[in-house]
Structure formats: structure tokens, C-alpha cells
Amino acid sequence: MAVSRSKTLAFAAIVIAALLHISAAQTPHTVGGNAGWTIPQGGESVYSNWASGNSFAVGDILVFNFAAGAHDVTQVNKADYDSCSAANPMMTSTTGPARITLNSTGEHYFICGVPGHCSAGQKVTVNVLASTTGPSPAPRRALTPAAAPTPSTSPVAGDVPSSAPAPTPSTSPVSGDVPSSAPVPSARSPMTYTVGDSFGWNIPTNGAALFQNWAAGKDFMVGDILVFNYTAGAHNVAEVTSDAYTACTTTNPISLDSNPPSRITLTTAGEHFYLCAVPGHCSAGQQLSINVTGAASTTPGTPSPSGSTTPSSPAGNVAPPSPNSATSVAGVSAAAFLSVFVALLL
């Protein structure tokens, strides 16, 4: 019986190791985050900063999001990367989103082959390390049957006679217990969102989808703050009605701010519409609509002299969750698998 259980444990360890290996492989990385694969306003440093904040392993996947016909992804060697030359590409993809699997270790170089784009900063280099596997299983030990206890006819100290009454359960709460009347935690603190993240409040190369994709999945609440980063004199921020947003008109804006960075506190629930009032910018995609839900805190923001609003206690920028930090489904399955086998063996 002990040998059979030992074999079962060994098989479980092999399966778990395989599952953990799968969970460690093929992590997707969206190049540039929410900004996507486009000409960055901050130059080449936008993508180098993005790459420095990620770890790349063999089997991982780079995802380049761009509009077909506007950009491409070209893999080149280091010399061509430095000179922004796409004359001898290792591979080229012209359809977005492009998914490129990292199949070898070392540095990999990617540029946009459209003339002028690479020299404007649309280039990225990533350093790929060897893939890692899950932790090694703990050494197995032989399971020996325990000797059956010898029945005793005399009571031992600490035994409870069969005629002793069962202890009465305590009705008073123990330290650490949460009574049913415990208060519900209060709403979260106000959050600060930088519109467009590193791309900022600029004319997107792929239309209004860039800002709508940025807003998708975020939970905007009353008390939160929007920060619009742009160059003074080049752009502005106007809050308008739904009709004005659709028509890209700023004849009667609800508010207008041209002093960057513009900080706007969300003081009411419902849909809010923003656009750049500089002629032609809204129609080129520089517009944003968000849906604001219940209050994040009971203390509203205080209006500032510039017309924007600031919170009474700003909470700092909030970055979107990285896909690398998500719990691996395979890892959870491995843990569940292990618990089943341990339960069968006990």
C-alpha cells in the first residue's frame, strides 16, 4: 500500500511540475501599454522605459497594437536598429495587432519600417532571458503504516469518561471573530488617472479608439481626478455635452482649460465628454468619453483658481494592471490537483 501511494505522489509531482512550467511560459506583453505601437510624443524613451519595466523570457509574446496601413513591425539587427534601416529585415508584419513569439534569448530589435517613424522614436529593444520552470517538487518519502495502538482498559489522565457531559459551546465571540453586525468597509479613496498614460493628451495616430481603449475597464467614481498632459498652446481640454462631443463642436463648452497639466475632478455621476477644442484635433480622434459611478469618498474636491479641480487628498496615479501579475490558471489548477492527491493519500 505504501509503494502504491509513493508512486501516486511521484506522478502527481510530475504533473504539477508540467503545469507550473506551462504557467511560466507564453506571457503576453502589450508593447507600449495602452499607448500601443505608434509614434511616441516623448521620443524613443517611451518604449525603452516600457521595456525596462518588464521581464521577457523565451516563449513570451510581444503584442504590437497599431492600425493597418499606418504602421508595421519590422525585426532587424542591432546595426539596422541604430541606423533606423529596414533594408534587410529579419521579419515584417503589416497587420495589427501583430503577435511575435520570442523564441531565443538575447536582445531583439524592432522598429516601424514606415519612413520617418523609427527616427521619431517608434523603436524598441527587449532582452530575453531563458524560460523558467516551476519549483522542483519536494523529495518524496516512503509512507509506512502506523502501528495500531494497543487497547487499554484503564483510564488515562486527560481521558473524558463516557458519562461526562459534553462541553457547552461558548456564545461569546473569540478574539479575531467578526460579529455579524460588523460595519461594511467604506468606499475606496479617490484615484488619479493620467489620460492616455505615457502617450498623454495628443492627437492619436489610430483615431479615437486609443482614448476609448484607455478608458475601457477603468472604474471612474465621483471624487476621482483626470490629468490631461499636453504642451501649452498645442492643445486644450474642453468638457462638452453629448451632442457637441458627437459633432466635435466647442461653441458652448461646459468648461475649457488650456493650462497643462489640466486636473479635472469628477464631481457628478453619469457620462462625461471631453475633447480638444483646437480646430481639427477632435475630428482626428482627440476626444474622450467616460462613465462615472457612485462616490469614491465623502469629501468632494476643492475648485482651483485655474478652473480645474483638485482633490482634498490625491491618491496618486493608478497604472493599469499588468498582465504579468495575473494569477496563472495553470498554477491554480496545479494547487487544486495537489490538494486532491494529498486528500486521497491521507
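This is a predicted model: local features need pLDDT of at least 70, side-chain atom pairs count only at pLDDT 80 or more; totals for chains, interfaces and linings use all residues.
A residue counts as buried when its relative accessible area is under 20%, and as exposed when that area is over 50%.

Helix H2 spans residues 45-52, and its buried residues are Val46, Tyr47, Trp50 and Ala51. These residues sit on the same side of H2, because they cover an arc of only 130° around the axis. What lies over the buried residues of H2? The cover includes strands S1 (28-30), S2 (56-57), S3 (61-64) and S8 (123-129). On the face turned away from the buried side, you will find the exposed residues Asn49 and Ser52.

**A salt bridge in helix H3**

The search for salt bridges comes to a count of one. It joins the side chains of lysine 78 and aspartate 82, with an N to O distance of 2.9 Å. Because the two residues are four apart in helix H3 (residues 78-83), about one helical turn separates them. How accessible are the two partners? The table gives the values.

| Residue | Relative accessible area | Class |
|---|---|---|
| Lysine 78 | 44% | partly exposed |
| Aspartate 82 | 47% | partly exposed |

**The five-stranded sheet**

Next comes an open sheet of five strands, ordered S10-S16-S15-S12-S13, with mixed pairing. Strands S10 (220-222) and S13 (255-257) form its edges; each has a single partner strand, so one side of each lacks a neighbour in the sheet. From one strand to the next, the twist averages 35°. Within S16, threonine 293 is the bridge partner of methionine 221.

**Aromatic pairs**

Across the whole structure there are 12 aromatic pairs. One of them brings together tyrosine 245 and phenylalanine 273: their ring centres are 5.2 Å apart and their planes meet at 50°, so the pair is tilted. This pair links distant parts of the chain, with tyrosine 245 in helix H5 (residues 242-247) and phenylalanine 273 in strand S15 (residues 270-275), 28 residues apart. Are these two residues buried or exposed? Both tyrosine 245 and phenylalanine 273 are buried.

Which residues make up the aromatic cluster? Phe199, Trp201, Phe211, Phe228 and Tyr274 come together to form it.

Notes. Residues are numbered from 1 along each chain as its sequence is written. Side-chain values use heavy atoms; hydrogens and water are left out. Buried means under 20% relative accessible area, exposed over 50%, partly exposed in between (1.4 Å probe, protein chains only). The arc is that of the directions from the helix axis to the C-beta atoms. Contact means heavy atoms within 4.5 Å. Two strands pair if DSSP finds at least two bridges between them. Axes are lines fitted to C-alpha atoms, for helices over the stretch in contact, and angles run from 0 to 180 degrees between N-to-C directions. A salt bridge is a side-chain nitrogen of Lys or Arg within 4 Å of a carboxyl oxygen of Asp or Glu. Rings of Phe, Tyr and Trp (its six-membered ring) pair if their centres lie within 6.5 Å; planes under 30 degrees apart count as stacked, over 60 as edge-to-face and the rest as tilted.
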